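Here are some questions and answers about how terms are applied to a structure. Each answer sets a value against a definition.

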Amino acid sequence: MTTREEKEAFVSGLNGTTSIDAGAAILSAPALFFFSIIVSSVFPSLAGESKGWTTTGLHLLLVAVGQVYFLTVGADFSLAAVVAALLLSCLALFLKSTKRRRNDERKREKEEECSRAGFVTTFRAASIIVTIVSILAVDFRIYPRRYAKCEVYGVSVMDGGVGAMVFSAGLVWKPQAQRGGRALFVSLLQLFLLGSVRFFAVQGADYAQHVSEYGVHWNFFATLFFVKLFSYFLPSSFSGRSSLVVFLMGMQAVIVQRFGQFVLSEDRSNIIAANKEGITSLPGYCCMLTFGTLYADFVRTKRGARKLTSGGTVVQLCLFSTLLWVIYAAFSLAGIEASRRLLNPPYIVWAMGGVTTFLSAFSVFHYAIGMVTVAPQLWQRISDHQLGTFLIANILTGLVNVSLDTLSFSATSIWAFSIVVIYTLAALSSSFLLHTFRIPL
């Protein structure tokens, strides 16, 4: 068996884990954010009040090391560690917010208005941080196999990543009237070039490729290309997009019913069969994007919009997440398993339940403290340059895999842990470079 075949086998045939286990690992991201706010209260520059690169670097190191730890060697303790971190952080921030409430009413209203923008920003950044760590760590033995993508049925940390990124794109969607055709063309051209470069780079470097994820020629950038094109034609009305979510969900269910066996078969005899996973999953991803736009309408920070500081709004967000989990439980009781490869309705509901729970946790946090007007500088930059940071992480992942035999490191190797930490630091730091040079990615 060649090194490439060995690496492909290492990420194949996996069945995932439970939703609770995957959720505990993913919730390490908001736990790190909560702790970073405590650090921000000691070092104000972390919250964007100055440009202290020393303290921002300390914050970056905290996030990188902490996230890598929770997703690798500390995975078995993630649930206990997350609960402890959340309780400690919430207590400290509650005590601090009590003092802050003495400020004048005008400043308080301004903070309340901005709090929703803060929790959306932190969610977007947190989702990409978890994804960035996972795409390289999965090639090492320190990354639990139960967190890697499932072969056919099941759920895992990495299975939720792609759904979170598509949903995240929906959160910043703008109606066609607010965007020109030139902006769409530039975005599509970028995604086309990125997808093409990735394909030729993978083929040219004889890089390990798990074709059952998207197909032979297809990749995640190709999916984003078509989802981006679809977003340009979304109706501006809330009711119109709500109906579209139902239609797309039904369309994906029909595709799974009619072509499910074809998607799971070994047939790669023509261009359609070679890329069947990517092609047949498009309606489902478009459904997730549209769902994200609906969620954004409810939480968007605009003049005249609802205020997150209304306790009822926060409760509604939490109840909505609960409803999605009830629907997912109904699928499970009926014996219908989630499948990212098929992108069937149970997977769509599971992914949306996960991201809305993630968002609800952040909304509760922002509401409880009532004091954060913007996200810390690091999280803001990562959110603003989500695609660019993800692209650079992909390039770095490829370089590491070409340069090293990742499987030669043991499951407890400090060297493997250090490599993933350094890679994460480099990938996240790139968001500052993209911002400094105003690169629109």
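Q: How many helices and strands are there in the protein chain?
A: The protein chain has 18 helices and zero strands. Helices are DSSP runs of H or I with at least four residues, strands are runs of E with at least two, and both are numbered from the N terminus. This is a predicted model, in which local features need pLDDT of at least 70, side-chain atom pairs count only at pLDDT 80 or more, and totals for chains, interfaces and linings use all residues. Residues are numbered from 1 along each chain as its sequence is written, and side-chain values use heavy atoms, with hydrogens and water left out.

Q: Which residues does L324 touch, not counting residues up to four places away in sequence?
A: Contact means heavy atoms within 4.5 Å. With that exclusion, L324 touches F291, V349, M352, G353 and T356.

Q: What makes helix 8 and helix 9 roughly parallel or antiparallel?
A: Axes are lines fitted to C-alpha atoms, for helices over the stretch in contact, and angles run from 0 to 180 degrees between N-to-C directions. Angles under 35 degrees count as roughly parallel, over 145 as roughly antiparallel, 65 to 115 as roughly perpendicular and the rest as oblique. Helix 8 (residues 181–204) and helix 9 (residues 220–232) pack at about 165°, with axes 8 Å apart. The two helices are therefore roughly antiparallel to each other.

Q: Which residues make the contact of helix 8 with helix 9, and of what class are they?
A: Among them are L184, L188 and R198 of helix 8 and F221, K228 and Y232 of helix 9. Ala, Val, Leu, Ile, Met, Phe, Trp, Tyr, Cys and Pro count as nonpolar, Asp, Glu, Lys and Arg as charged, and the others, Gly among them, as polar. By class, this contact has ten nonpolar, three polar and two charged residues.
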